[in-house]
Amino acid sequence: MDEIKKLVEEAVSEINIAKDSTTLNNIRIKYLGKKGLITLLMKKLKDLPQDERPKFGALVNDAKNVVQNRINEKLREISEMEKRQKYEKMAVDVTTPGARRDIGHLHILTQIQKELEDIFISMGFEVVEGPEVEDTWHNFDALNTPDWHPARDVQDSFYFTENILLRTHTSPIQVRTMLQRKPPLAIVSPGRVYRRDYDSTHLPMFTQMEGLFIDKNVTVKHLKFTLEQMVTRIFGKDAKVRLKPSFFPFTEPSYEVDVWFGNTWLEILGAGMVDPNVFKNVGYDPNVWSGFAFGLGLERIAMVKYGIKDIRDFVRNDIKFLENY
Ligand code: DAH
């Protein structure tokens with residue numbers, strides 16, 4: 001009887017510290033298997049006197065049941081625990097902040113371009129685009145730009161052939177539009193232009209917007225008024241415009257235009273009254289038609305407005321820079 005009690009105690013303490021079902025199964029085999037320690041006790045039955053046999057048999061059976069029940073119980077505990085651990089691993093902490101998805105926005109130059117387009121559209125201008133690969137006639141000759149002009153030099157422009165080049169400005173769109181249409185007309189033309197330049201204020205590829213307004217009796221006042229509308233809407237109501245005499249082959253007179261912004265005058269664009277030779281080149285009668293034109297650099301406008309120091313920032317694709325605008 002003592003032996004039975006001892007075996008049961010041993011079995012139970014082994015079961016208690018078991019950590020998984022494999023260990024429990026080994027314990028079951030050790031005590032209750034065919035050659036198990038408790039099973040073998042039954043074999044001692046025949047050595048006992050007849051009258052003690054039933055009592056002993058009952059005791060061994062009880063011991064078997066105790067051990068088997070304890071194993072079953074422990075198995076349930078273990079599988080409960082394993083389930084709990086599995087669910088804990090799977091659990092989602094709903095209070096964790098979600099992963100942020102960064103949403104992009106329009107590039108600063110695209111924003112400026114759209115802003116300018118909106119301003120000119122509101123004044124009755126139409127947006128017209130033209131090809132980036134141009135011929136020298138549209139890019140230079142029709143714009144009254146003679147052979148000797150430095151812009152025509154291979155040092156300054158990107159030529160494909162002697163007569164085909166990447167446009168050096170958006171002004172050829174003036175020519176193309178005048179040839180296709182009849183005056184009066186009012187257009188602005190945004191687009192990329194190309195020059196052999198590269199430093200903190202010049203890029204080989206940059207962005208311009210050309211303006212052209214043609215009607216009868218157009219004067220410098222119309223030009224100045226239009227530019228004033230533009231600068232006050234881009235730079236704020238305190239912005240002012242100043243015209244300084246300058247020279248462009250395709251305008252006469254020509255002006256450099258400054259804007260009063262941030263307590264100082266800053267040069268932002270070129271402009272002028274369309275040269276009679278340009279009208280002649282596109283078959284318009286210069287005695288009937290008059291007009292103004294202007295050309296501005298979008299990078300320049302953005303640099304002045306936001307105090308950007310290096311024009312190369314526009315094309316570096318640095319998120320830290322782009323996020324600011
Ligand atoms: N095309 C000139 C340039 O790229 C800018 C310009 C100046 C355009 C005067 C004009 C103008 O239409 O009238 O430097």
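Visitor: At the start of α2, which backbone nitrogen does a side-chain oxygen of Asp20 reach?

Guide: This is a predicted model, where local features need pLDDT of at least 70, side-chain atom pairs count only at pLDDT 80 or more, and totals for chains, interfaces and linings use all residues. Residues are numbered from 1 along each chain as its sequence is written, and side-chain values use heavy atoms, without hydrogens and water. At the start of α2, the Asp20 oxygen comes to within 3.2 Å of the backbone nitrogen of Thr22.

Visitor: What is the reach of α2 from its first C-alpha to its last?

Guide: Helix α2 covers residues 21–32, twelve residues.

Visitor: Within what arc do the buried residues of α2 fall?

Guide: Buried means under 20% relative accessible area (1.4 Å probe, protein chains only). In α2 the buried residues are Leu24, Ile27, Tyr31 and Leu32. They line one face of the helix, because seen down its axis they fall within an arc of 95°.

Visitor: Which helices do those buried residues of α2 pack against?

Guide: Contact means heavy atoms within 4.5 Å. The buried residues of α2 pack against α1 (2–17), α3 (37–42) and α4 (53–90).

Visitor: Is Ser290 buried or exposed?

Guide: Ser290 lies in strand β9, residues 290–297. Its relative accessible area is 17%, so Ser290 is buried.

Visitor: Which backbone nitrogen does the side chain of Ser290 reach at 2.8 Å?

Guide: The Ser290 side chain reaches the backbone nitrogen of Asn217 at 3.1 Å. At 2.8 Å, it reaches that of Val218.

Note on methods. Helix = DSSP H or I, 4+ residues; strand = E, 2+ residues; numbered from the N terminus. Buried < 20%, exposed > 50% of the residue type's maximum accessible area, 1.4 Å probe, protein only. Polar contact = N/O pair within 3.5 Å; in protein donor to acceptor, adjacent residues only side chain to side chain. Expected span 1.5 Å × (residues − 1). Arc of directions from axis to C-beta.
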